[in-house]
Amino acid sequence: MKRAGMKRPGMKRAGMEQAGMKQPGTRKPGTLIALGIATILVLMPFWWMASMAFKPEAEVFTQEPRLLPAQPTLGNFAVALDDGNLGRAMLNSTVVALVVVVANCVFALLAGYAFAKLPFRGSGLIFMAIVSTTMVPVAVTLIPLFLITKGIPLAGGNDLFGQGGAGLIDTLAGLTLPHLIGPLNVFLARQFFLGLADELGEAGRVDGASELTVFWRIYLPLAKPLVATVAVFAFTAVWDDFLWPLVVTSSAETQTVQLALSRFLTGGNVAYGPAMAGSVLVILPILAVFLFNQRSFIAGLSEGGVKG
Amino acid sequence: MSVITLARPAAARVGPRRPGPSGPSRRRRLVGLAFAAPAIVYLAVFQLFPVLYGLYLSLTGYSPLDRGAPRFVGLDNYLALADSAAFLQSLKVTAQFVAEVLPFAVGIALGLALLANRKVRGIGLWRAGLFLPRIVPLTAVSLIWLWLYSPDGWFNSLLAGVGLQPHDWLLDEDTALHAVAVMRVWKALGGNMVLFLAGLQAIPKTLYEAAALDGAGAWARFRHVTLPGLRPVMVYVITVNIVYLAQSFAEIFILTGGGPLGSTTTTNFLIYQEAFQNNQFGSASAMAFVLFALIFAFSYASMRGIGRRS
């Protein structure tokens, strides 16, 4: 820190050396103004969403939309939750997301750890195959996945060979199927464990620890950021998904949040008030996850970027 | 991949752990296989097998309403696509959409990253704000933008403010796709910005110091240090954006429903219609594989193209 400060006399505080060193200290007002304008422009749509969500219908359909509701109301939220089926949909999405998060945190982590620390015959090739599946467009696997879900044996009236019934079509279980273990999460887990020293495990093995203990007691406690990232990825994969629920569900009982949102626009006119209230409700959980978990959220994203 | 190679030397020091038929290492391999087995089996069934199954379906005529099994028709579906005006139009729409969004989604994001890389008070908050659209579900933001573009929406009120006639952006064949593209640029900025930020922070500070000592100005440093340093991230960002943008669906579904007159019917949207509204699983699968091939070709080309330039 001292040395860095000496090299750049313009620097006042050592903590500033990270990135601002190109223009040490100067041009700050300009930067702030540019940041402010950019951020306002980027966030403007969210402002409108929040504002519309609290506007009574008369204020929604007007030629001159105002930034703030004149007579704020919670009515739109009630309509969205009830008539819009969003209450049920949020429950459904939460249940599906929880199952998917747990499955990913267990199996993607175990697999990533194995690929990084316990390589076996063909593991390199298998890992490459897993990574390569992330390149496959959703459209390619959509129809086969639909038919597989329909043909799950002994489910939904199917016989042992998956014939005769609807399988897991229009069920919450069917909604989880394509998301249970994300190939990207396996990739992130492997990258993370590769970054931890092999010596940690060796030390445990010298002390006579089993492989499971080495994973559970030595490496997993160091992997909290990874668990957070995988959990966020798994949760958002389910919460944001639109195409799969659209294809695999049909009844109101299995509707997910994104589907419920899309239903606000069936038939020419859109009830923007309830639709915006619904959007607020659907965005809030994601926002909460993001605010509590920003660091690992962003870390996970760039992790995949810089290392991939 | 640099991190993987960095991690290797440490592994080499520990000793012969890769091959070796000795007891403990054989056990370790078995445990590794057991740890990875659930993921391998699952991904084989739900990721790899569907690709092969889809390839087979693309060679058949199959409707889920049929009682019978898929009927093998060879390459008929693919040959029919070559003559299908709707399919070719959808490819054109998809290509135009990607071409419109990509330069702005990358260029503006790079600018934002340079801005957000400055050390100012509370920069974390600014970054979070700029990143926000990235984390919000596409369906929800599409609904917001549906209103922004609507006759009573914000954009038309801005037009009215400067005395211009309102315009029905999403119902006009000439503007609908551009309107969706603008929304998608906005949506893509945050994610790309964060990737560029990571790339910027990975550039060694000593390079900037050396350049400054050689008398390089701000532009010269950007041109000769920043841009070359960002190349790996740039390749990644462009590739990933092509892959995502070429699969646009939810925003099309919400904003335009593919219209007006098919002017925003992307290939992905057409595949959905063909499969789940027309019940043509075979032909829809063929479309999906053509799209797959094109996305693969273009992302591969972007990797080679930018990777080689130096």
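**View 1. L41(A) sits in helix α2 of chain A, which covers residues 28–53.** This is a predicted model, as are the other views. L41(A) has 56% relative accessibility, so this leucine counts as exposed. The cut-off for that word is over 50%. L41(A) is also part of a surface patch.

**View 2. Helix α6 of chain B spans residues 138–149.** Count twelve residues here. From its first C-alpha to its last, the helix reaches 16 Å. That is close to the 16 Å expected at 1.5 Å a residue. Is α6(B) mostly covered or mostly open? The helix is mostly covered, with twelve of its twelve residues buried. Among them are L138(B), T139(B), S142(B), W145(B), W147(B) and Y149(B). W147(B) returns in the next view.

**View 3. Chain B and chain A bury about 9,700 Å² between them.** Carbon and sulfur atoms give 76% of that area. The contact takes 102 residues from chain B and 109 residues from chain A.

**View 4. A salt bridge links R28(B) and E202(A).** Their side chains meet at 3.3 Å, taken from N to O. How many salt bridges does the rule find across the interface of chain B and chain A? There are two.

**View 5. T141(A) lies in helix α7 of chain A, residues 138–150.** Is T141(A) buried or exposed? Its relative accessibility is 9%, so T141(A) counts as buried. The cut-off for buried is under 20%. Now look at what T141(A) touches, leaving out residues up to four places away in sequence. In chain A, the contact is V136(A). In chain B, the contacts are Q47(B), P50(B) and V51(B).

**View 6. L154(A) has a positive phi of about 65°, although it is not a glycine.** Find L154(A) in the loop between α7 and α8 of chain A. Helix α8 covers residues 172–176. L154(A) has a relative accessible area of 62%, so this residue is exposed.

**View 7. N279(B) also has a positive phi, near 55°.** N279(B) is a residue other than glycine. Its place is the loop between α12 and α13 of chain B. Helix α13 covers residues 281–308.

**View 8. A cis peptide bond joins G259(B) and P260(B).** Omega for this bond is about -10°. Where is P260(B) found? P260(B) is in the loop between α11 and α12 of chain B. Helix α11 covers 250–255, and α12 covers 267–276.

**View 9. Chain B as a whole has 13 helices and two strands.** The chain has 310 residues, and buried residues make up 53% of them. Its accessible surface comes to about 14,300 Å². Carbon and sulfur atoms hold 66% of that surface. Now take the contacts in chain B with a separation of 6 or more. Residues 24 or more positions apart account for 66% of these.

Terms used
Residues are numbered from 1 along each chain as its sequence is written. Chains are lettered from A and ligands numbered from 1 in the order in which they are written. This is a predicted model: local features need pLDDT of at least 70, side-chain atom pairs count only at pLDDT 80 or more; totals for chains, interfaces and linings use all residues. Side-chain values use heavy atoms; hydrogens and water are left out. Patches are made of residues with over 30% relative accessible area and no salt bridge: like charges are joined within 9 Å, nonpolar side chains (Val, Leu, Ile, Met, Phe, Trp, Tyr) within 5 Å. Accessible areas come from the Shrake-Rupley method with a 1.4 Å probe; for residues, only the protein chains shown count as cover. A salt bridge is a side-chain nitrogen of Lys or Arg within 4 Å of a carboxyl oxygen of Asp or Glu. Helices (H or I, at least four residues) and strands (E, at least two) are DSSP runs, numbered from the N terminus. Buried means under 20% relative accessible area, exposed over 50%, partly exposed in between (1.4 Å probe, protein chains only). The expected span of a helix is 1.5 Å times one less than its number of residues. Contact means heavy atoms within 4.5 Å. Buried area is the accessible area (1.4 Å probe) that two parts lose on being put together, summed over both.
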